[in-house]
Amino acid sequence: MPTRARDRLLEAAEELFYEEGINGVGLERLLTHSGVGRASLYRHFEGKDDLVAAVLQRRDEHWRKWLRERVEAHGGAPLAVFDVMAEGSQESGFRGCAFMNAMAERAKEPGSTVHRLAVEHKRKVADYVRGLIEDAGHAGAPELAEQFALLMDGAVVTAMRECSIDPFRRARRMAERLLS
């Protein structure tokens, strides 16, 4: 467990926000779970919204690094994103996409920092996929990347609903047809 208060707060907040939702976790619960005092929280963050933003920025960096590493381990082809996401959905505690979840919780605040960070994350993922498609030599990479992103997001939501990895397999087959 990290010993620095900021790191402990970020780690605890990321875990709790993903498991229980941003709105479902109060500051008292977060402080208890992290073992950090209220003064330390406010020394590092102006408030909960500032903490939420830091958590999403951290999650973005970690998740995209994980995606890159796993796609490379699968050979680096564009379709590997679906195989990797299927694997990720089998991890204990899978609750879908943290960014889609955050946007859903803050749906009435489309101009919020949470919404902006989630949109940026989705754009960065689509840009990464575009790079994979370009590197594989496929024409129309920008449009294909947007279609892949739509399939990826849809597969996540459907996998949650069906409690299955099959949506990733179906999305992969659809993406394969897009590439042919």
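The largest pocket is lined by 29 residues, and Tyr18, Arg59, Trp63, Glu91 and Gly96 lie nearest its centre. A pocket here is an open set of points on a 1 Å grid over the protein atoms alone, with protein on both sides within 12 Å along at least five of seven lines, while a cavity is a set of points where a 1.4 Å probe fits but cannot get out; lining residues have an atom within 4 Å of a point. This is a predicted model, where local features need pLDDT of at least 70 and side-chain atom pairs count only at pLDDT 80 or more, though totals for chains, interfaces and linings use all residues. Residues are numbered from 1 along each chain as its sequence is written, and side-chain values use heavy atoms, with hydrogens and water left out.

Helices are DSSP runs of H or I with at least four residues, numbered from the N terminus.

There is also 1 cavity of 30 Å³ or more in the structure. Its lining includes Glu14, Tyr18, Val52, Arg59, Asn101 and Glu105. The elements that give two or more residues to that lining are α1, α4 and α6. Here is how the two spaces look side by side:

| Space | Volume | Lining by class |
|---|---|---|
| Largest pocket | About 630 Å³ | 14 nonpolar, 7 polar and 8 charged residues |
| Largest cavity | About 110 Å³ | 8 nonpolar, 1 polar and 3 charged residues |

For those volumes, grid points are joined across faces, edges and corners, and the volume is the space filled by probe spheres set on the points. As for the classes, Ala, Val, Leu, Ile, Met, Phe, Trp, Tyr, Cys and Pro count as nonpolar, Asp, Glu, Lys and Arg as charged, and the others, Gly among them, as polar.

The 22 residues of α8 should span 32 Å at 1.5 Å a residue, and its end C-alpha atoms sit 30 Å apart, which agrees. The expected span is 1.5 Å times one less than the number of residues. Among the buried residues of α8 are Leu144, Phe148, Leu151, Met152 and Val156, where buried means under 20% relative accessible area (1.4 Å probe, protein chains only). The cover over the buried residues of α8 includes α5, α6, α7 and α9. After α8 comes Cys163, with a positive phi near 50°.

Helix α9 (residues 166–179) has 14 residues and reaches 20 Å from its first C-alpha to its last, close to the 20 Å expected. Its buried residues are Pro167, Phe168, Ala171, Ala175 and Leu179. Seen down the axis of α9, they fall within an arc of 115°, so they line one face of the helix; the arc is that of the directions from the helix axis to the C-beta atoms. These buried residues pack against α5 (80–89), α7 (113–135) and α8 (141–162).

Ser89, in helix α5, is buried, with a relative accessible area of 9%. Leaving out residues up to four places away in sequence, Ser89 touches Phe94, Ile165 and Phe168, a contact being heavy atoms within 4.5 Å. Ser40 belongs to helix α3 (residues 38–44) and counts as buried at 15% relative accessibility. Beyond its neighbours within four places in sequence, Ser40 is in contact with Ala5 and Leu9.

Technical notes
Buried < 20%, exposed > 50% of the residue type's maximum accessible area, 1.4 Å probe, protein only.
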